[in-house]
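Dear colleague,

I am passing on the structure we spoke about, with the sequence alongside. Please have a look at it first, and then read my notes below.

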Amino acid sequence: MAVERDRPWTGANFLVDLGDGASEGPRRGFTRVELPMGEIEYIAYRQGNDRIREKRVAPRVDNAPVILERPFGGALDLYQWWNDARNGAQVRRTVRIQLLSEDMADVVLTVRLLSAMPLRYGLSGLDAGDEQLAIETLALAYERFEME
């Protein structure tokens, strides 16, 4: 359940569980997460057999992808999940992202992505003249997100 306080929480401490129950260790050492952004579009319509002329309004929800980034350490679990999706396997998972307090002792917010599946996968460019880390990126589509 979300923890409310007088000052805002920092976004530096978080855990990511990709649906396998693991949120610790180098495979879960994400450096950046773009949390879900949902948008509701209202669509006006009128059925041909309506006796009234006023249009009805129906909501349509659009969820922007969640982006996960981590330094590439040789693990191919993100690629494998994306590759399974590319090959037509059933890959839907419930992904859980937890925001932690500054001392990392308490979960202050949990975001759940229901029926999450890989959308895009990639590695950062390579440059022999630069000593930047290779970054692995996974974008997730999902049916719905919940916060608690």
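Among contacts in the protein chain between residues at least 6 apart in sequence, 61% join residues that are at least 24 apart. Please bear in mind throughout that this is a predicted model, and that the values that follow are computed from it.

The protein chain has 1 helix and 9 strands, and along the sequence these follow the pattern β-β-β-β-β-α-β-β-β-β. Its radius of gyration is 20 Å, whereas a compact globule of 148 residues would have one near 15 Å, and the C-alpha trace spans about 70 × 45 × 30 Å along its principal axes. As for charge, the mean positions of the 19 positive and 24 negative charges are 11 Å apart.

The helix, α1, covers residues 77–86, and within it D77, L78, W81 and N83 are buried. The buried residues of α1 pack against β5 (66–71), β6, β7 (107–123) and β8 (135–141), and the helix is followed by G88, whose phi is positive, near 90°.

Is Q98 buried or exposed? Q98 counts as buried because its relative accessible area is 13%, which is under the 20% cut-off. Apart from its neighbours within four places in sequence, Q98 is in contact with N13, F14, L15, V107, L109 and T110.

Turning to the aromatic rings, a search of the whole structure finds 4 aromatic pairs. One of them is the tilted pair of Y79 and W82, with 6.1 Å centre to centre and 40° between the planes. Both Y79 and W82 lie in helix α1, 3 residues apart, which is about one turn of the helix. An α-helix has 3.6 residues a turn, so residues three or four places apart point the same way. Y79 counts as partly exposed, at 28% relative accessibility, and together with W82 and Y121 it forms one aromatic cluster.

Y142 and F145 also form an aromatic pair, in this case edge-to-face, with 6.3 Å centre to centre and 75° between the planes. Y142 is buried, with a relative accessible area of 8%, whereas F145, at 25% relative accessibility, counts as partly exposed.

Methods
Residues are numbered from 1 along each chain as its sequence is written. This is a predicted model: local features need pLDDT of at least 70, side-chain atom pairs count only at pLDDT 80 or more; totals for chains, interfaces and linings use all residues. Side-chain values use heavy atoms; hydrogens and water are left out. Buried means under 20% relative accessible area, exposed over 50%, partly exposed in between (1.4 Å probe, protein chains only). Contact means heavy atoms within 4.5 Å. Helices (H or I, at least four residues) and strands (E, at least two) are DSSP runs, numbered from the N terminus. The radius of gyration is taken over C-alpha atoms; the globule rule is 2.2 Å times the number of residues to the power 0.38. Lys and Arg count as positive and Asp and Glu as negative; His and the chain ends are not counted. The place of a charge is taken as NZ of Lys, CZ of Arg, CG of Asp or CD of Glu. Rings of Phe, Tyr and Trp (its six-membered ring) pair if their centres lie within 6.5 Å; planes under 30 degrees apart count as stacked, over 60 as edge-to-face and the rest as tilted.
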